[in-house]
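This report concerns pairs of oppositely charged side chains and their surroundings. Please examine the sequence and the model shown below before reading on.

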Amino acid sequence: MAQDVCPARSEPSLSFLQGLILGQLSVVLLIAAFIKFFIFGEAPSTEETASLRANERRSRTLAHKKSLLSLRSAATQRQGSQPPAHPALNKKKSSILRSNPPTLTIGSILDKTYYKVDSHQPESLDWFNVLVAQTIAQFRSDAQHDDAILTSLSKALNGNSRPDFVDEIRVSELSLGEDFPIFSNCRIIPVDEDGLHFGAGKAFDPKLATREGARLQARMDVDLSDMITLAVETKLLLNFPKRLSAVLPVALAVSVVRFSGTLSISFIPSNPSENTPTKMTFTFLDDYRLDFSIRSLLGSRSRLQDVPKIAQLVESRLHRWFDERCVEPRFQEIELPSMWPRKKNTRGGDEIIANIEQSINKAQGGDIAKEVRHEIEPEADGLRYRRRPVADDTYSVSGSMPGSLPGIDMPT
């Protein structure tokens, strides 16, 4: 009989109402914590953030150099254990071409250009700053013509990579700045194929820079204090549980306030055997400083302005984008065109007159262009068709009467 009795069920300690209240309280607490720490939380100071990023970049660079040195030592040991390779057969050289001079090493180039790596003073690059300023000024002028840069940015922001939950992005403000970068303290440093300095902290030994891949690297300090701004407006779309369930207007403005760092530029010579052109590489050292000013605006009615966490996320993303492209050990590589003079690249001469004629024809008509051409043509071309004076005529006959020579009108 005892086996037929069902065991008593344990009653739940909390009722349905109590569980509902507890769940609502937990959701409210999560929302409150999100608003307090994410939206209204204070971002760390600029100096502290810059110091942390600099330490991370420095540790990454040191780890990369250590891995390169370990790989080199392993490769050196492997080459020492292998038997020497057989020398390649010498091909017969042409008797027409003169023998090429010996390959110039880094040491010989520095000697012939009278540049002492250990004692040469850094250069100020004032002339280079003027040329760069002219180039940037022309770029800003071209960008404002017909809103070329605005059209390009709109196409790039609304390309295929735009996610579905983001509405069309509209550029609301664009400023290319008014100041120019200042380059200074330029110095030449011999580096190996991996960009490592030969004997850092020691006197330069030209014998160490004889292996393949060694090159000269120009390092210069860059400083820019300006206000380069890009502001966009869009909407965040919530398409669940149905399309356009909620819409959140978003406005974001990012300004580059300050940039300072060290730029490294070097040239990689061409290799005719591998058909590779001459290349220019540039990168920034890991000690750079990049400061932003980020403004944000969320919502249409109850707006949240300048949320610190949003500024922190955007700034972190921009630093990562810059680090992954042109901060050591990564670098940018640009192929250079041939340096030999070519006819298709020649400008000047008769083309100047033709361009003047074309511009005047469009503005004022062909008759004025002909008059201008007669004024700017060399005077010697007009003198070619003048008659030779009578006194210089070697075919004149002495003692002949005036008017006796045919073709010459003499006074009566």
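The side chains of Arg170 and Glu233 meet in a salt bridge, with N and O 2.3 Å apart; the term denotes a side-chain nitrogen of Lys or Arg within 4 Å of a carboxyl oxygen of Asp or Glu. Arg170 belongs to strand S1 (residues 170–175) and Glu233 to strand S3 (residues 215–238), so that distant parts of the chain, 63 residues apart, are linked. Helices (H or I, at least four residues) and strands (E, at least two) are DSSP runs, numbered from the N terminus.

Arg170 is partly exposed at 47% relative accessibility, and Glu233 is partly exposed at 33%. Buried means under 20% relative accessible area, exposed over 50%, and partly exposed in between (1.4 Å probe, protein chains only).

## Basis of the model

The model is predicted: local features need pLDDT of at least 70, side-chain atom pairs count only at pLDDT 80 or more, and totals for chains, interfaces and linings use all residues. Residues are numbered from 1 along each chain as its sequence is written, and side-chain values use heavy atoms, leaving out hydrogens and water.

## Further salt bridges

The structure holds nine salt bridges. One of them joins Glu173 and Arg295, whose closest N and O atoms are 3.9 Å apart. Because Glu173 lies in strand S1 and Arg295 in strand S6 (residues 289–298), this pair ties together parts 122 residues apart in sequence.

Another salt bridge joins Arg53 and Glu315, at 3.6 Å between the closest N and O atoms. Arg53 is in helix H2 (residues 46–81) and Glu315 in helix H6 (residues 308–326), 262 residues apart. Arg53 is buried at 16% relative accessible area, and Glu315 is buried at 18%.
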